[in-house]
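Subject: Structure for your files

Hello,

Here is the structure I said I would pass on. My notes on it follow below.

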Amino acid sequence: TSKKIAFIGLGNMGAPMVDNLLSHQLDVVVFDLVPEAVQRACDKGATAATDARQAVRQADIVISMLPAAAHVKSLYLSDTGIIAQARPDTLFIDSSTIDASTAKLVGEAVEQAGHQFVDAPVSGGTAGAAAGTLTFIMGGHDTAIERARPILACMGKNLFHAGPMGAGQIAKICNNMLLAVLMAGTSEALQLAIANGLDPKVVSDIMLQSSGCNWTLQKYNPCPEVMANVPSSNDYAGGFMVKLMNKDLSLAMDAAGATGSATPMASAAQGLYRLHQLQGNQDKDFSSIFTLFGKL
Ligand code: NAD
């Protein structure tokens with residue numbers, strides 16, 4: 001396709017996602033508040049914009065990948081927001097993980113201005129982003145979804161249509177609530193094994209072939225030196241920050257509050273990740289919750 005894509009937000013996820021768009025020979029104009037992040041993307045073939053508005057003015061499709069709802073709101077809905085800058089019939093795709101009501105608010109503003117919107121949060125981590133194997137969990141109208149698919153397929157391997165606008169966010173929040181519980185549970189199980197004199201690598205191999213097997217053991221072992229190329233073997237740098245997991249747990253607990261759902265496991269996980277964050281670990285990868293359960 002000859003479409004031009006504006007990509008806003010070049011952090012742990014956005015940067016490798018742009019790499020994959022570029023490796024599909026797509027024309028990508030980028031912006032991030034951090035100039036070094038823009039420079040790194042340009043070194044790989046992207047074009048720099050001086051701000052988000054300038055990026056959007058050049059594009060047919062806009063993708064945003066920002067930390068949280070406040071950033072998304074200000075990018076789209078502030079006085080200097082990007083919607084008014086768009087060419088006719090632009091497709092906006094927000095891949096940040098945010099609450100469903102903000103996604104709907106932004107999506108409706110986009111549609112009111114005559115454009116299309118898809119909420120498309122992702123799963124798969126920074127490794128999935130680098131490998132182009134992300135799962136995109138989309139919410140929106142069929143026509144917008146069908147337009148988004150070929151672009152998202154350059155960055156991901158599984159593309160799901162969860163339902164109307166905002167539904168992608170609900171599904172994503174449920175997934176991350178479960179991930180928080182699995183990472184904490186896997187960490188305490190591994191620490192129990194270590195405390196009893198077992199080798200965490202051996203125990204991990206056993207659990208991988210047993211009923212405790214789960215994604216954190218398969219792709220993201222929280223114990224240092226069990227797996228190569230995961231944050232735990234890199235001082236818990238990169239990856240998915242503790243503060244972002246706490247954001248997602250708050251989103252899950254808010255959603256549960258709205259429906260009166262019982263989420264006792266998520267409550268426990270939220271307590272643990274909050275405690276871990278208060279101890280100064282907000283910017284570390286979330287698998288560092290492992291260190292809360294024992295000595296390294
Ligand atoms: P990050 O903090 O590493 O990156 C966010 C980037 O957005 C930063 O570079 C920041 O400078 C930029 N930014 C913030 N406000 C901006 C603005 N107004 N204009 C332009 N740039 C702006 O976060 P991340 O890990 O890349 O995560 C992004 C989103 O994806 C979050 O919502 C997160 O929950 C979600 N997510 C992350 C992972 C992961 O493994 N890291 C996995 C799935 C989903």
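Domain bounds here come from an automatic or database domain assignment. This is a predicted model, in which local features need pLDDT of at least 70 and side-chain atom pairs count only at pLDDT 80 or more, while totals for chains, interfaces and linings use all residues. Residues are numbered from 1 along each chain as its sequence is written.

Domains

The assignment gives domain 1 (4-163) and domain 2 (170-293). Their centres, taken over C-alpha atoms, are separated by 27 Å. Between them, 13 residues of domain 1 are in contact with 15 residues of domain 2 (contact: C-beta atoms, placed from the backbone, within 7 Å). On the side of domain 1 that touches domain 2, H6 supplies the largest share, three residues. That side divides into seven nonpolar, five polar and one charged residues. Helices (H or I, at least four residues) and strands (E, at least two) are DSSP runs, numbered from the N terminus. For the classes, Ala, Val, Leu, Ile, Met, Phe, Trp, Tyr, Cys and Pro count as nonpolar, Asp, Glu, Lys and Arg as charged, and the others, Gly among them, as polar.

Ligand

The ligand is surrounded by 28 residues, of which Gly9, Gly11, Asn12, Met13 and Phe240 are the closest (a residue is near a molecule if its C-beta atom, placed from the backbone, lies within 6 Å of it). Both domain 1 and domain 2 give residues to this shell, so the ligand shell lies between them. Helix H4 (69-77), strand E7 (122-123) and helix H6 (125-131) each contribute at least two residues to the shell, and the largest share, three residues, is from H4. By class, the shell has 15 nonpolar, 12 polar and one charged residues.

Helix H8

Helix H8 (residues 167-195) has 29 residues and should span 42 Å at 1.5 Å a residue; its end C-alpha atoms are 42 Å apart, which agrees. The expected span is 1.5 Å times one less than the number of residues.

Gly156

Gly156 lies in strand E9 (residues 156-163). Why does Gly156 count as buried? Because 26 other C-beta atoms lie within 10 Å of Gly156, and 20 or more make a residue buried (12 or fewer exposed, in between partly exposed; C-beta atoms placed from the backbone). Leaving aside neighbours within four places in sequence, Gly156 is in contact with Val122, Gly132, Thr133, Leu134, Thr135 and Phe136.

Regards

Definitions and conventions:
Contact = placed C-beta atoms within 7 Å.
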